[in-house]
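Please read it alongside the sequence and the coordinates.

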Amino acid sequence: MARIRTIKPEFFTSEDIVALSPFARLLFIAIWCEADRDGRLIWKPKTFKMRYLPADQLDINLLCEELVIGGLVRLYGEGLAYIPTFLKHQHINPREAESKLPDHYASGTREPRVNVATMTRREEGKGKEHIDNASNFDAFWSAYPKKSAKIVAEKAWGKARINGDFTNLMDALAEQTLSEQWQKDAGKYIPNPATWINQRRWEDETPKFNQMDIMQGVI
């Protein structure tokens with residue numbers, strides 16, 4: 001159930017808010033409406049997307065991770081969350097119903113109880129990895145000479161878990177882009193990016209060419 005909340009002018013210049021991306025700021029405001037009088041809420045990213053950002057092309061999971069990594073939202077229990085600064089910034093109507101969600105500070109809210117600090121660190125690690133992986137894919141996509149089936153390529157990228165091998169991958173891609181096979185017939189023989197990723201083609205041995213060969217049109 002959405003609730004009416006307020007926003008203060010100083011919100012927009014707060015350091016932790018300024019550090020967020022624009023859509024993450026908007027999402028943070030939106031989930032205030034999801035939170036009960038104690039700042040607790042059920043953590044449902046897909047619902048947030050449908051309810052508050054229905055017309056925007058974005059990754060709601062990345063935005064949610066951004067809020068968790070920034071410490072603006074803490075996850076606990078089974079699919080629950082709370083906003084640490086909620087009561088500091090919201091004036092609650094005294095007639096608003098009491099919270100029906102478990103107290104995030106209390107012990108024994110579930111068996112076995114998840115330690116909030118431990119869970120936050122785990123979520124931060126996952127979020128950082130996810131963001132890095134997405135950033136690396138964007139760099140790969142910009143450099144890959146054949147733009148075909150981006151969604152399929154992105155899924156292949158996620159399954160391949162390339163982060164630790166990203167530098168080698170980009171070096172191999174640069175070499176293969178200059179190879180005779182990829183250069184001839186207007187790039188006819190360049191594989192689709194998803195195929196290249198799935199087959200781990202950056203691990204192929206690529207003939208070495210020097211700059212003079214390229215300038216003289218050998219390639």
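Helices (H or I, at least four residues) and strands (E, at least two) are DSSP runs, numbered from the N terminus. The model is predicted, and local features need pLDDT of at least 70, side-chain atom pairs count only at pLDDT 80 or more, while totals for chains, interfaces and linings use all residues. Residues are numbered from 1 along each chain as its sequence is written, and side-chain values use heavy atoms, with hydrogens and water left out.

## Overall architecture

The protein contains 11 helices and 3 strands. Along the sequence, these elements follow the order α-α-β-α-α-β-β-α-α-α-α-α-α-α. Of the 219 residues in the protein, 36% are buried; buried means under 20% relative accessible area, exposed means over 50%, and partly exposed lies in between (1.4 Å probe, protein chains only). Contact means heavy atoms within 4.5 Å. Among contacts between residues at least 6 apart in sequence, 68% join residues at least 24 apart.

Two packed helices are described by the angle between their axes and the distance between the axes. Axes are lines fitted to C-alpha atoms, for helices over the stretch in contact, and angles run from 0 to 180 degrees between N-to-C directions. Angles under 35 degrees count as roughly parallel, over 145 as roughly antiparallel, 65 to 115 as roughly perpendicular and the rest as oblique.

| Helix pair | Axes come within | Crossing angle |
|---|---|---|
| α2 (residues 22-32) and α4 (residues 60-69) | 9 Å | roughly 75 degrees |
| α3 (residues 45-52) and α4 | 9 Å | roughly 110 degrees |

On the α2 side, Phe-23, Ala-24, Leu-27, Phe-28 and Ile-31 meet Ile-60, Leu-63, Cys-64, Glu-66 and Leu-67 of α4. This contact of α2 with α4 comprises 9 nonpolar, no polar and 1 charged residues, where Ala, Val, Leu, Ile, Met, Phe, Trp, Tyr, Cys and Pro count as nonpolar, Asp, Glu, Lys and Arg as charged, and the others, Gly among them, as polar.

For the second pair, the axes of α3 and α4 cross at roughly 110 degrees. That angle makes α3 roughly perpendicular to α4. Pro-45, Phe-48 and Lys-49 in α3 meet Ile-60, Asn-61 and Cys-64 in α4. The contact of α3 with α4 divides into 4 nonpolar, 1 polar and 1 charged residues.

Val-73 is located in the loop between α4 and β2 (74-76). With a relative accessible area of 0%, Val-73 is buried. Leaving aside neighbours within four places in sequence, Val-73 is in contact with Phe-28, Ile-31, Trp-43, Leu-67, Val-68, Ala-81, Tyr-82 and Pro-84. The C-alpha atoms of Val-73 and Thr-85, which are 12 residues apart along the chain, are separated by 9.0 Å.

## Aromatic pairs

A pair of aromatic rings is described by the distance of the centres and the angle of the planes. Rings of Phe, Tyr and Trp (its six-membered ring) pair if their centres lie within 6.5 Å; planes under 30 degrees apart count as stacked, over 60 as edge-to-face and the rest as tilted. The structure holds 16 aromatic pairs. One of them joins Phe-28 and Trp-32 edge-to-face, at 5.5 Å centre to centre and 75 degrees between the planes. Both residues belong to helix α2, 4 residues apart, about one turn of the helix, and both Phe-28 and Trp-32 are buried.

The ring centres of Phe-140 and Tyr-144 are 5.2 Å apart and their planes are at 45 degrees, so this pair is tilted. Phe-140 is buried at 0% relative accessibility, and Tyr-144 is buried with a relative accessible area of 0%. Ring pairs link Phe-137, Phe-140, Trp-141, Tyr-144, Trp-157, Phe-166, Trp-182, Trp-196 and Trp-202 into a cluster.

Trp-141 lies in helix α6 (residues 116-143) and counts as buried at 12% relative accessibility. Not counting residues up to four places away in sequence, Trp-141 touches Lys-147, Ser-148, Ala-149, Lys-150, Ala-153 and Pro-193. Trp-141 and Pro-193 are 52 residues apart in sequence and 8.2 Å apart in space, C-alpha to C-alpha.

## Backbone angles

Most residues other than glycine have a negative phi, and most peptide bonds are trans. Asp-185, in the loop between α9 (180-183) and α10 (193-198), has a positive phi near 50 degrees. Arg-200 also has a positive phi, of about 50 degrees, although it is not a glycine. Arg-200 is placed in the loop between α10 and α11 (211-215) and counts as partly exposed at 31% relative accessibility.
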